[in-house]
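Biologist: Before we start, could you take me slowly through how one reads a structure of this kind?

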Protein chains: 2
Amino acid sequence: MNFKLESKDPGSKARTGTITTDHGDIKTPIFMPVGTAGSVKAVHQRELKEDIKAQIILGNTYHLYLRPGLDILEEAGGLHKFNGWDRPILTDSGGYQVYSLADTRKIKEEGVTFQSHIDGSRHMFSPEAVMDIQRTIGADIIMAFDECTPYPCEYDYAEKSMHMTHRWLKRCCEHFDKTEGKYGYSQTLFPIVQGSVYKDLRTQSAEAIASFERDGNAIGGLSVGEPAEMMYEMTDHVCNILPLDKPRYLMGVGTPANILECIALGIDMFDCVMPTRNARNGMLFTSEGIINIKNKKWDRDFSPIDPVLPGYVDNFYSKAYLRHLIMSKEILGAQIASIHNLSFYLWLVGEARTQIEAGTFSQWKNKMVSKVSQRL
Amino acid sequence: MNFKLESKDPGSKARTGTITTDHGDIKTPIFMPVGTAGSVKAVHQRELKEDIKAQIILGNTYHLYLRPGLDILEEAGGLHKFNGWDRPILTDSGGYQVYSLADTRKIKEEGVTFQSHIDGSRHMFSPEAVMDIQRTIGADIIMAFDECTPYPCEYDYAEKSMHMTHRWLKRCCEHFDKTEGKYGYSQTLFPIVQGSVYKDLRTQSAEAIASFERDGNAIGGLSVGEPAEMMYEMTDHVCNILPLDKPRYLMGVGTPANILECIALGIDMFDCVMPTRNARNGMLFTSEGIINIKNKKWDRDFSPIDPVLPGYVDNFYSKAYLRHLIMSKEILGAQIASIHNLSFYLWLVGEARTQIEAGTFSQWKNKMVSKVSQRL
């Protein structure tokens with residue numbers, strides 16, 4: 001993997017670049033749709049490419065490890081071959097899901113034991129095991145195994161957890177570096193900065209993570225319930241420490257406004273379930289603001305969902321039809337809203353990139369943040 | 001609407017033809033995907049056209065009347081404009097759903113009173129009202145308001161019900177003929193033969209229905225639980241009475257084998273929720289037989305779902321991936337399986353048409369019936 005920094009915004013720390021992987025290039029800043037179980041929910045793979053224009057998607061180690069399981073993924077030739085997505089894939093480490101979904105989990109120095117939320121079977125995720133699992137899934141970008149602390153979190157717990165995350169990172173790197181990809185293309189490991197909302201811990205963690213000199217770095221433990229201002233403060237602080245010439249991935253963020261603000265702080269990569277999860281509940285993110293399509297005011301609005309977007313669903317379907325589908329719990333409603341929201345997210349980061357290249361990002365960002373945050 | 005009979009199979013009563021409507025031609029025999037609430041579940045409109053190659057779809061009067069409601073459909077310019085499907089649409093009369101879904105229904109000579117299954121609101125469907133409703137929905141083919149008797153059904157009830165259906169048909173025709181389409185294209189009314197599984201009632205009903213000399217005729221009250229042989233016997237009997245030069249629509253049928261057998265008896269049009277409903281539960285109809293994709297035997301089968309079919313999902317996705325999606329309750333699983341099953345149904349009636357034209361239908365049909373009925 002290679003990262004080329006291409007342009008910088010004069011009025012902020014926003015920048016553009018290109019990440020090169022064996023499965024193709026990623027133009028940053030970028031949003032990565034979440035495909036938890038090997039499918040971006042309610043979206044066909046060709047729609048991801050042709051309508052949404054996704055450049056990279058996420059897979060979830062915890063889910064894929066439990067189902068379909070590593071033997072099937074390996075026999076398929078990895079996740080790309082299994083689900084037919086031939087562009088880059090990033091897998092998270094599974095840690096976050098072990099903490100949030102699995103039963104009777106126990107965190108020890110060696111790793112985490114847990115029971116599957118599907119069938120109750122017992123498993124152990126260690127830093128080494130999680131590297132092997134992600135090697136087998138076959139992601140282009142692999143995440144270190146960390147502990148993502150909740151919010152709020154006591155200082156003492158955050159500090160101890162951070163140090164364990166750093167020790168786990170050392171084990172991840174050692175194990176990753178002595179193993180190889182299984183399918184003939186290269187894989188890259190991103191470490192994760194932790195430290196909750198404590199600035200001194202974030203300093204320590206960012207410095208520790210930077211010292212590993214991996215090809216990219218991630219910021220975890222944010223967007224877990226803390227106020228947005230606190231997230232921006234921590235992100236800004238960590239970006240000032242992480243190397244300029246490596247891509248920075250802010251995990252699990254966020255709303256369109258969050259993404260624009262964090263691009264301004266120097267973040268290059270984002271992922272979040274919000275555009276797809278909220279779509280299924282009828283919340284639409286558009287270039288004019290946020291729409292709750294269940295609201296009666298849309299029932300006779302036969303205009304396109306968002307006329308600015310060029311894709312199929314935004315040109316073909318009306319707000320009134322989408323409202324009817326969501327109200328009737330028709331699957332097609334979830335499909336249309338998911339494609340729309342992801343198209344909007346990808347359009348937004350693409351626009352941000354254009355504005356950064358033109359040197360006009362900061363003014364545009366301030367205007368857009370208030371526009372995309374308002375409820376229509 | 002116009003129907004041109006084009007060719008006849010020498011070994012059976014199968015025939016091909018073309019139905020011409022203001023929204024385009026329909027090549028028969030044809031299967032019509034069911035779009036209950038204005039959407040064929042889990043399928044985009046462009047997929048219906050480009051992948052499934054649907055020529056006509058169904059809408060459901062009961063569902064559309066309750067939601068989104070007639071005022072919204074009329075303001076949209078009819079269902080075609082509302083959902084973007086610009087090829088022919090057929091609406092059922094709503095009768096079947098009133099009997100099966102609605103609460104506290106009461107059938108009287110005047111019509112049926114019922115409560116909405118959505119919000120408990122009270123409504124009345126009469127033959128005249130149902131004509132007006134279907135005029136407003138804007139279907140190309142409109143169905144008469146009838147009573148669909150259950151199976152089993154006492155002779156006396158079946159006889160009385162059939163006579164009421166005939167009296168209702170007279171009212172439907174009178175009201176339909178003195179009203180006009182609302183959107184500038186013509187609409188056609190199909191009457192429905194009833195009579196349960198009683199041959200003498202079916203004779204009476206088919207003769208009565210034929211005497212109305214409408215542009216097409218339907219057979220109702222079958223595929224409601226009776227043995228397949230009984231359905232074939234009634235269908236055969238009724239087809240021998242209905243005029244040759246009008247299209248014949250067998251309502252709610254059926255499995256691939258049912259469809260092939262009934263094409264051989266002279267049926268031109270079919271609809272059924274089976275391909276989409278069963279798809280969502282992981283049952284696939286293929287050119288080699290029936291697959292329960294949840295069966296463990298498919299978990300490492302990386303071959304296409306059905307290599308005979310030319311569409312996207314059958315070339316892009318594997319059985320193993322589809323199995324994973326269905327097992328994980330991913331929406332994409334329902335999407336892929338629905339497109340596949342409908343593509344197969346449309347492929348099957350297309351093949352039947354080709355075989356009838358070539359004069360080879362009967363032998364092909366016998367071979368296919370056993371093939372498509374076997375469990376793989």
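What follows is a conversation about the interface and about some backbone features.

Modeller: This is a predicted model, in which local features need pLDDT of at least 70 and side-chain atom pairs count only at pLDDT 80 or more, while totals for chains, interfaces and linings use all residues. Residues are numbered from 1 along each chain as its sequence is written, chains are lettered from A and ligands numbered from 1 in the order in which they are written, and side-chain values use heavy atoms, with hydrogens and water left out.

Biologist: How many residues of chain A are in contact with chain B?

Modeller: Contact means heavy atoms within 4.5 Å. Here, 42 residues of chain A are in contact with 42 residues of chain B. Buried area is the accessible area (1.4 Å probe) that two parts lose on being put together, summed over both, and between chain A and chain B it is about 3700 Å², with 55% given by carbon and sulfur atoms.

Biologist: How many salt bridges does the rule find across the interface?

Modeller: A salt bridge is a side-chain nitrogen of Lys or Arg within 4 Å of a carboxyl oxygen of Asp or Glu. The rule finds eight across the interface of chain A and chain B, and one of the salt bridges joins the side chains of B:E330 and A:K41 at 2.6 Å, N to O.

Biologist: Which elements of chain A supply the side that touches chain B?

Modeller: Helices (H or I, at least four residues) and strands (E, at least two) are DSSP runs, numbered from the N terminus. At least two residues each come from α1 (45-52), α3 (70-76), α4 (79-83), α12 (312-316), α13 (319-327) and α14 (331-358) of chain A, and α14(A) gives the largest share, six residues.

Biologist: What should I look for in the backbone?

Modeller: One feature to look for is a cis peptide bond, and such a bond joins B:T28 and B:P29, with omega about 0°; B:P29 is in the loop between β3 (24-28) and β4 (30-32) of chain B. The bond from B:Y151 to B:P152 is also cis, with omega near 0°.

Biologist: Is A:A42, with its positive phi, buried or exposed?

Modeller: Buried means under 20% relative accessible area, exposed over 50%, and partly exposed in between (1.4 Å probe, protein chains only). A:A42, which is not a glycine, has a positive phi of about 75°, and this residue counts as buried because its relative accessibility is 0%. A:A42 lies in the loop between β5 (34-35) and α1 of chain A.
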